[in-house]
Amino acid sequence: MSLRHAILALLTVEKGSGYDLVKRFNQSVRYFWASSFQQIYRELQTLEDANAIDFVTVEQTGKPDKKVYDVNASGIA
């Protein structure tokens, strides 16, 4: 399984920001598969470019806006 598939699987369970995905990834598989923030964010960008995921921008006060990702039909296929 690739990081791409792991991210898509996590997004089919629940939408989330990149930070949320890193937390869920670390809580579920970090003991046998390590991945950094950079790797996950890079893969999110690749999935976004491939039109496999969608996102909505959420404005935050005092923090940068965040993207909340969700897998779409193309990503499921």
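Predicted model: local features only at pLDDT ≥ 70, side-chain atom pairs only at ≥ 80, totals over all residues.
Reader: Hello! What covers the buried residues of H2?

Author: The cover over the buried residues of H2 includes H1, H3 and S2. In these names, H is a helix (a DSSP run of H or I, at least four residues) and S is a strand (a DSSP run of E, at least two), numbered from the N terminus. Residues are numbered from 1 along each chain as its sequence is written, and side-chain values use heavy atoms, with hydrogens and water left out.

Reader: Which residues of H2 are buried?

Author: Buried means under 20% relative accessible area, exposed means over 50%, and partly exposed lies in between (1.4 Å probe, protein chains only). In H2, the buried ones are Gly18, Leu21, Val22, Arg24 and Phe25.

Reader: How do I read the packing of two helices?

Author: Two packed helices are described by the angle between their axes and the distance between the axes. Axes are lines fitted to C-alpha atoms, for helices over the stretch in contact, and the angles run from 0 to 180 degrees between N-to-C directions. Here, helix H1 (residues 3-13) and helix H2 (residues 18-28) have axes that come within 11 Å and cross at roughly 105°. H1 and H2 are therefore roughly perpendicular to each other. For the wording, under 35 degrees is roughly parallel, over 145 roughly antiparallel, 65 to 115 roughly perpendicular, and the rest oblique.

Reader: Which residues of H1 and H2 meet?

Author: From H1 come Leu3, Ala6, Ile7, Leu10 and Leu11, and they meet Leu21, Arg24 and Phe25 of H2. By class, this contact has seven nonpolar residues, no polar ones and one charged residue. Ala, Val, Leu, Ile, Met, Phe, Trp, Tyr, Cys and Pro count as nonpolar, Asp, Glu, Lys and Arg as charged, and the others, Gly among them, as polar.

Reader: At roughly what angle do the axes of H1 and H3 cross?

Author: They cross at roughly 80°, and the axes come within 10 Å. That makes H1 roughly perpendicular to H3. In this contact, Leu3, Arg4, Ile7 and Leu8 of H1 face Gln39, Ile40, Glu43, Leu44, Thr46 and Leu47 of H3. The residues divide into six nonpolar, two polar and two charged. Glu43 of helix H3 counts as buried, with 16% relative accessibility. Beyond residues up to four places away in sequence, Glu43 touches Leu3, Arg4 and Ile7.

Reader: What is a nonpolar core?

Author: In soluble globular proteins, nonpolar side chains tend to be buried together. A nonpolar core is a set of buried Ala, Val, Leu, Ile, Met, Phe, Trp, Tyr and Cys residues joined through side-chain atoms within 4.5 Å. The largest one here has 17 residues, and those with the most contacts inside it are Ile7, Leu11, Leu21, Phe25, Ile40, Leu44 and Ile53. H1, H2, helix H3 (37-49) and S2 each supply at least two of its residues. H1 gives the largest share, six residues.

Reader: Which residues of H1 are buried?

Author: Leu3, Ala6, Ile7, Leu8, Leu10 and Leu11 are. Their cover includes H2, H3, S1, S2 and helix H4 (73-76).

Reader: Now for a loop. Where is Asp65 placed?

Author: Asp65 sits in the loop between strand S1 (53-58) and strand S2 (66-71). Its relative accessible area is 46%, so Asp65 is partly exposed. The side chain of Asp65 reaches the backbone nitrogen of Gln60 at 3.5 Å. Thr57, in strand S1, is in contact with Asp65 and Lys66, leaving aside neighbours within four places in sequence.

Notes: Polar contact = N/O pair within 3.5 Å; in protein donor to acceptor, adjacent residues only side chain to side chain. Contact = heavy atoms within 4.5 Å.
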